[in-house]
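Thanks for coming. Please look at the sequence and the model on the screen while I talk.

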Amino acid sequence: VKKDEKKELYYLEEAAIGGHPDARYNLGCYEEENERIERAGKHWIIAANLGCDDSIKALKECYADGKISKEDFAAALRGHQAAVDETKSQQREEATIFFVKH
């Protein structure tokens, strides 16, 4: 099957607009591959604010390379932590324990 990159990018953008963090992360990777680091960073910051762990890793590398500011990285970390905290609940923890046991 032939890969249609324009169609792939279109649907990634649609999913990202719809709030899908992995799609936003993948758009960041696409922008990085095309050497648009500033745009990649923006996508990864948004994905991090939605709780995407891979985006935090990518931002950490960008920060280490001096491609994003300390303030942007710190804000992304705070946003990521807030998103992760929002998904925590007693019911989810109990479900995790249940599925690990079975």
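L9 lies in helix α1, residues 5-17. Before I go on: this is a predicted model, in which local features need pLDDT of at least 70 and side-chain atom pairs count only at pLDDT 80 or more, while totals for chains, interfaces and linings use all residues. Residues are numbered from 1 along each chain as its sequence is written, and side-chain values use heavy atoms, with hydrogens and water left out.

When I say helix, I mean a DSSP run of H or I with at least four residues; a strand is a run of E with at least two, and both are numbered from the N terminus.

Back to L9. Which residues is L9 in contact with, leaving aside neighbours within four places in sequence? They are L27 and Y30, where contact means heavy atoms within 4.5 Å. L9 and A23 are 14 residues apart in sequence, and their C-alpha atoms are 9.6 Å apart in space.

Now α1 as a whole. The expected span of a helix is 1.5 Å times one less than its number of residues. For the 13 residues of α1 that should give 18 Å, and the end C-alpha atoms are 18 Å apart, which agrees.

The buried residues of α1 are L9, L12 and A16. Buried means under 20% relative accessible area, exposed means over 50%, and partly exposed is in between, using a 1.4 Å probe and protein chains only. The buried residues of α1 pack against α2.

That brings us to α2 and its partner α3. Two packed helices are described by the angle between their axes and the distance between the axes. The axes are lines fitted to C-alpha atoms, for helices over the stretch in contact, and the angles run from 0 to 180 degrees between N-to-C directions. For α2 and α3 the angle is about 165° and the axes are 8 Å apart. That makes α2 roughly antiparallel to α3. The cut-offs are these: under 35 degrees counts as roughly parallel, over 145 as roughly antiparallel, 65 to 115 as roughly perpendicular, and the rest as oblique.

The crossing of α2 and α3 is left-handed. A crossing is called left-handed if the near helix is turned anticlockwise from the far one by less than a right angle, and right-handed if clockwise. On the α2 side, the residues that meet α3 include Y25, L27 and G28; on the α3 side, W44 and A47 are among them.

Between these two helices is a loop, and E35 lies in it. E35 is not a glycine, although its phi is positive, at about 60°. Is E35 buried or exposed? E35 counts as exposed, because its relative accessibility is 71%.

Next, α3 and α4. Their axes come within 8 Å and cross at roughly 140°, and α3 and α4 are therefore oblique to each other. This crossing is left-handed as well. The contact is made by G41, W44, I45, A47 and A48 of α3, and by S55, I56, A58, L59 and C62 of α4.

Helix α4 covers residues 53-64, which is 12 residues. From first C-alpha to last, α4 reaches 17 Å, close to the expected 16 Å. Its buried residues are S55, I56, A58, L59 and C62. They are on the same side of α4, because they cover an arc of only 165° around the axis. On the other side of α4, K57, K60, E61 and A64 are exposed. The buried residues of α4 pack against α2 (21-33), α3 (37-49) and α5 (70-86).

S55 counts as buried because its relative accessibility is 0%. Not counting residues up to four places away in sequence, S55 touches Y25, W44, A47 and A48. After α4 comes G66, which has a positive phi, near 80°.

Last, the whole chain. The secondary structure comes to 6 helices and 0 strands. Of the 102 residues, 27% count as buried. The C-alpha trace spans about 45 × 40 × 20 Å along its principal axes. Among contacts between residues at least 6 apart in sequence, 36% join residues at least 24 apart.

Definitions and conventions:
The arc is that of the directions from the helix axis to the C-beta atoms.
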